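Subject: Structure for your review

Dear colleague,

Please find below the structure I am handing over to you.

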Amino acid sequence: MSIEARRITDPEARGMIDLMINRIGAIASVHRQLYSTGDKNTVDLGVYLSDLAQDLDHSGGGFDVSRTISVDPAPVSVSADEASAVGIIVSELVGNARKYAYEPGAPAPVRIVLRERQPGGYSLEVSDKGRGFSHGSPAAGSGFGTRLINMMARKLGAQHAWHDGVPGTRFTLSTGRA
């Protein structure tokens, strides 16, 4: 798919293909981790997010390599389905940060933080230092990514929100009891 995407010259179409590649890659990465460990039922979410970030960095999504992703992971065991949902959320957020948060060619770091919460939950934060967002104004893009994030968060039974990172945008997601 990525070989075919290189032939696409329309930037908007290329961006949509790149997002689809990232979504597929997020799920493929879960399966890679499942088959590389002896446990076929659970995934270490911290390891998975580190691998996913590396995949997203290498794929670049048509963006400059100076747009790096850093991960501060904690070891959190989750089901493969749960890891896939988190991976889709993270892929969408990274794609949005790369596409909307920064000027073309500018360094564009994205940070992912995963922490275990007691009892039996975790918190996820994905942030950038880009333009941020304006409350009350529609987000750039089609809105499909936001709907997908909301749907995955519901599937996880998680609380989630976007915050003004001053500068940038910070997304938080929490599962389990507080």
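The notes below set out what was found.

This is a predicted model, in which local features need pLDDT of at least 70 and side-chain atom pairs count only at pLDDT 80 or more, while totals for chains, interfaces and linings use all residues. Residues are numbered from 1 along each chain as its sequence is written, and side-chain values use heavy atoms, with hydrogens and water left out.

Overall architecture

The protein has 5 helices and 7 strands, where helices (H or I, at least four residues) and strands (E, at least two) are DSSP runs numbered from the N terminus. Along the sequence their order is α-α-β-α-β-β-α-β-β-α-β-β. Of the 178 residues, 39% are buried (under 20% relative accessible area, with exposed meaning over 50% and partly exposed in between; 1.4 Å probe, protein chains only). Among contacts (heavy atoms within 4.5 Å) with a separation of 6 or more, 67% join residues 24 or more positions apart.

Helices 4 and 5

Helix 4 (residues 80–101) and helix 5 (residues 144–156) have axes that come within 9 Å and cross at roughly 155 degrees. The axes are lines fitted to C-alpha atoms over the stretch in contact, and angles run from 0 to 180 degrees between N-to-C directions. Helix 4 is therefore roughly antiparallel to helix 5 (over 145 degrees; under 35 is roughly parallel, 65 to 115 roughly perpendicular and the rest oblique). On the helix 4 side, the contact is made by Asp81, Glu82, Ala85, Val86, Ile88, Ile89, Glu92 and Leu93; helix 5 contributes Gly145, Leu148, Ile149, Met152, Ala153, Lys155 and Leu156. By class, this contact has 10 nonpolar, 1 polar and 4 charged residues (Ala, Val, Leu, Ile, Met, Phe, Trp, Tyr, Cys and Pro count as nonpolar, Asp, Glu, Lys and Arg as charged, and the others, Gly among them, as polar).

Aromatic pair

The structure holds 1 aromatic pair. The ring centres of Trp162 and Phe171 are 5.1 Å apart and the planes lie at 65 degrees, so the pair is edge-to-face (centres within 6.5 Å, using the six-membered ring of Trp; planes over 60 degrees apart are edge-to-face, under 30 stacked and the rest tilted). Trp162 is partly exposed at 30% relative accessible area, whereas Phe171 is buried at 1%.

Gly157

Gly157 lies in the loop between helix 5 and strand 6 (159–164) and is exposed, at 57% relative accessibility. Its C-alpha is 8.9 Å from that of Ser174, 17 residues away in sequence.

Yours sincerely
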